[in-house]
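Have the sequence and the model open side by side. This report walks through selected parts of the fold, one after another.

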Amino acid sequence: MTNREQLNQIRGEVGVCRNCELWRNATNPVPGEGNPEARILLIGEAPGFHEDTQGKPFVGNSGKFLTQLLESAGLSREDVFITNVVKHRPPGNRDPLPDEMAACAHFLHRQIEIIDPDVIVTLGRFSMSMYFPGERIGRIHGQPKEVNGRFIVPMYHPAAALHNGALRPDLEADFQKLPRLLAEREKAREAERARAQQPHQQSLF
Ligand code: URA
């Protein structure tokens with residue numbers, strides 16, 4: 001199956017998922033969307049009002065800001081894949097509960113496995129906590145960590161920077177790091193390819 005077909009399968013499963021109670025108050029599931037071959041995967045927190053209405057991630061105010069941030073780094077929404085820790089809107093936009101995140105986690109893990117991105121950007125503390133448990137975002141934002149051959153980059157949530165303008169320059173600067181990280185992974189892949197093409201060459205030393 002192609003990446004697109006596998007992601008569509010997940011989309012269907014999210015639509016009928018009853019592993020937690022969030023579906024009861026939701027209008028639409030929001031499994032995520034974007035390029036099935038994306039090199040960058042962004043993980044937010046949970047759908048809000050507009051996302052729930054449209055069934056698409058990051059389409060409200062923080063989504064518009066996210067689009068601007070991507071464009072400022074020379075990227076478009078068509079280049080990336082955008083999803084959330086939980087795929088249905090929590091009532092009244094409350095924080096997702098640990099049980100809800102645990103019930104939904106397998107969808108995200110499968111999306112990551114299928115897309116196999118070079119860079120994962122966590123937006124806000126919920127997705128950050130999956131890779132940096134116990135850390136504080138103010139301390140580690142913008143600092144990439146290499147995990148299984150890919151970079152995980154924790155960043156402020158765009159909504160946080162819209163509420164508190166003092167965070168905005170940091171978030172903007174963190175997005176500017178993405179092209180360099182992509183180039184670094186591409187270079188590493190080229191080096192791996194070159195090594196694989198000379199499997200029988202013996203070292204003289
Ligand atoms: N905030 C999120 O974390 N995700 C969305 O999809 C929209 C707003």
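Ile152 is buried, with a relative accessibility of 1%. That value falls under the 20% cut-off, so the residue counts as buried. Ile152 belongs to strand β6. The model is a predicted one.

Beyond its neighbours within four places in sequence, Ile152 is in contact with Ile120, Thr122, Tyr131, Phe132, Gln143, Pro144, Lys145 and Val147. Ile152 and Leu42 are 110 residues apart in sequence. In space, their C-alpha atoms are 9.9 Å apart.

## The sheet

In what order do the strands of the open sheet lie? The order is β1-β3-β2-β4-β6-β5, six strands with mixed pairing. β1 (33–34) and β5 (145–147) stand at the edges. Each has a single partner strand, so one side of each lacks a neighbour in the sheet. Strands of a sheet pair through backbone hydrogen bonds, parallel or antiparallel.

## Strand β4

β4 (residues 119–123) pairs with β2 (residues 40–44) in the parallel sense, over four bridges. Leu42 has Val121 of β4 as its bridge partner. Ile43 stands opposite Thr122 in β4. β4 also runs parallel to β6, and five bridges join the two. Here Val119 stands opposite Phe151 in β6.

Are the faces of β4 covered or open? Both are covered. Val119, Val121 and Leu123 lie on one side, Ile120 and Thr122 on the other, and all are buried. That makes five of five residues in β4 buried.

## Helix α4

Helix α4 covers residues 98–115, which is 18 residues. At 1.5 Å a residue, α4 should span 26 Å. Its end C-alpha atoms are 25 Å apart, which agrees. α4 also has a kink of about 40°, centred on Cys104. After α4 comes Asp116, with a positive phi near 50°.

Which residues of α4 are buried? They are Glu100, Met101, Ala103, Cys104, Phe107, Leu108, Gln111, Ile112, Ile114 and Ile115. An α-helix has 3.6 residues a turn, so residues three or four places apart point the same way. The cover over the buried residues of α4 includes helices α1 (3–15) and α5 (125–131). It also includes strands β2, β3 (81–84), β4 and β6 (150–155).

## The loop with His88

His88 sits in the loop between β3 and α4. Is His88 buried or exposed? His88 is buried, at a relative accessible area of 10%.

What does His88 touch? Not counting residues up to four places away in sequence, the list is Val14, Cys17, Leu22, Trp23, Ala26, Asn28, Pro29 and Pro47.

## Charges over rings

Lys145 lies over the face of Phe132, at 4.5 Å from the ring centre. Both Lys145 and Phe132 are among the contacts of Ile152.

How many aromatic pairs does the structure hold? The number is zero.

Notes:
Residues numbered from 1 in each chain as written. Predicted model: local features only at pLDDT ≥ 70, side-chain atom pairs only at ≥ 80, totals over all residues. Heavy atoms only, no water. Pairing = 2+ DSSP bridges. Phe/Tyr/Trp six-rings, centres within 6.5 Å; stacked < 30°, edge-to-face > 60°. Lys NZ or Arg CZ within 6 Å of the ring centre and 35° of its normal. Expected span 1.5 Å × (residues − 1). Bend = angle between axes of the 7 residues up to and from the residue. Buried < 20%, exposed > 50% of the residue type's maximum accessible area, 1.4 Å probe, protein only. Contact = heavy atoms within 4.5 Å.
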